[in-house]
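Open the model in your viewer and keep the selection tool at hand.

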Amino acid sequence: MGPNNPFHDPLRFERQVKPCSLVIFGANGDLTKRKLIPALYRLAFERRLPSGFSIIGNSRTEMSDDAYREKMRQSVIQFLEESPFDESVWRDFAAGLFYISGDLRDPNLYSRLAAKLAELDQTRLTGSNALFYLSTQPSHYAPVIEGLGAAGLQHAAPTATNPSPWRRLVVEKPFGHDLASSRELDTAVHRVFHEDAVYRIDHYLGKETVQNILAFRFGNGIFEPLWDRRYVNHVQITAAESIGVEGRGGYYEEAGALRDMIQNHLLQILATVAMEPPALFEATAVRDERAKLLRSIRILKPGEVPTHAVKGQYGPADVGGQSLPGFRQEQGVSPNSQTDTYAAVTFFIDNWRWAGVPFYVRSGKRLAKRVTDIAISFNPAPHRVFADSAPGAGPADLAPNLLILRVQPEEGISLRFLSKQPGSGMQLRPVSMDFKYGSSFGMRSPTAYETLLVDALTGDATLYSRQDMVEASWQAVHPILEVWNNTTFDFPNYASGSWGPASSDDMLALRGHTWRVP
């Protein structure tokens, strides 16, 4: 592939994955079928995986290797993003795809797994390197880790061709259900694996725009000097979904928007936006600064929760001629459910850079559109020379300078500023400068799982969470959960297809702000 090829990655050979095996627990589940195997196939298509790379899938369902290969072939065809399916690439990829059925609590499973890994070392020259991926229900995390430890699979003996084999563990979120359970999970992990071998995956951190926040801030001298309380008025982080729970009502009933989105994904984004510059762009330095920022989030007192946090739940509505059920009408959901399908929180960061700047974070189901973005609103000019020159001369017309980092559906960056409108007189109007990944680089962006899988396979933890970051995130939302668990809300309080409950607008109005409509 030449440099003009749209799939060319100039750093591909600098980040070459060494021969290894990947073991997926929960290999028959949605995440594996929709994300993991399509991402791995895509890496094979781009020749990012080594010769002999092998995958061992596990679930309870009895299946032959060939049956599993065919099932995954159909998944790749169905869920592959933005690229053709190549039958010859698939044949080579599928030759390294194996399946072992078994109960996760059965010690015999791990004995058979150890034997299979040893066999692949001989037949496919995987070098005794292995990455274990927990794509199961969270309740299975501890039993799997214990099973791996009992079988000694967390360590590998040096070989003649590989004197330093590695074993690593990828843990999918959620990292616990609350602060106490996250600490219990951490204890179970560290009984078997050293922290350096643990990769807590948050796929939002693998998205190109989230990574680009670091490049945008720390690679450009014109933006970083403005990135503090002197120039930034407030920040809004939005993760909105137009769909409902899509058959996952039982899971969502136990999770809710605050746990499912804000505690992990959106607080990690907040930390990336607000962290201090690292001394070096390497895993420890970047994660140290992100962890420091999360520990600087002001912990709400119980009496502050009602004015700093909003809980919502969608009700039924007719949208576009379609009758949509409310959350309480979804399968697996209690008719009296108190689960939050919408959550909005005002966070403050108690450090010199951000003192007094509100960070508004919201996430919800069945909202007006699907969008995830970060909007940084700058303070107005200190003296409004053109205050009477805008159309209508109202404050809304002199819109603030706004920097928008779009995470999905279309990744990019937009800068809004005021400009003179053509014609006589000094009439101002907002205009935007837009950067779009697709049109600017002429190449596809890798999916988050492609990026993060390569990182784990090459031992780069920069975009992964660390336990101190997980605990700091849980501490930030803990008082909100405590208050909400002891309060009965009058649900539903927003209609499907809207932008959420009115109380969310009231939360921003307390400081003279309004939610931006993406």
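Predicted model: local features only at pLDDT ≥ 70, side-chain atom pairs only at ≥ 80, totals over all residues.

Start by selecting Val477: leaving aside residues up to four places away in sequence, Val477 touches Leu258, Gln263 and Leu267, where contact means heavy atoms within 4.5 Å. Val477 sits in helix H14; helices (H or I, at least four residues) and strands (E, at least two) are DSSP runs, numbered from the N terminus. With a relative accessible area of 1%, Val477 is buried (buried means under 20% relative accessible area, exposed over 50%, partly exposed in between, using a 1.4 Å probe and protein chains only).

Residues are numbered from 1 along each chain as its sequence is written, and side-chain values use heavy atoms, with hydrogens and water left out.

Next, show helix H14 (residues 467-485) together with helix H10 (residues 283-295). Their axes come within 9 Å and cross at roughly 20 degrees; axes are lines fitted to C-alpha atoms, for helices over the stretch in contact, and angles run from 0 to 180 degrees between N-to-C directions. H10 and H14 are therefore roughly parallel (angles under 35 degrees count as roughly parallel, over 145 as roughly antiparallel, 65 to 115 as roughly perpendicular and the rest as oblique). To see the contact, pick Arg287, Arg290, Ala291, Leu294 and Arg295 on H10, and Asp468, Met469, Ala472 and Ser473 on H14.

Which aromatic pair comes next? Select Tyr314 and Tyr494: their ring centres are 6.4 Å apart and their planes at 65 degrees, so the pair is edge-to-face. Rings of Phe, Tyr and Trp (its six-membered ring) pair if their centres lie within 6.5 Å; planes under 30 degrees apart count as stacked, over 60 as edge-to-face and the rest as tilted. Tyr314 belongs to strand E9 and Tyr494 to strand E18, 180 residues apart, and both tyrosines are buried. For a cluster linked by ring pairs, select Tyr41, Phe45, Phe85, Trp90 and Phe93.

Finish at Lys207, in the loop between strand E6 (198-201) and helix H7 (208-218). Is Lys207 buried or exposed? At 15% relative accessibility, Lys207 counts as buried. Not counting residues up to four places away in sequence, Lys207 touches Val407, Gln408, Glu411 and Ala448.
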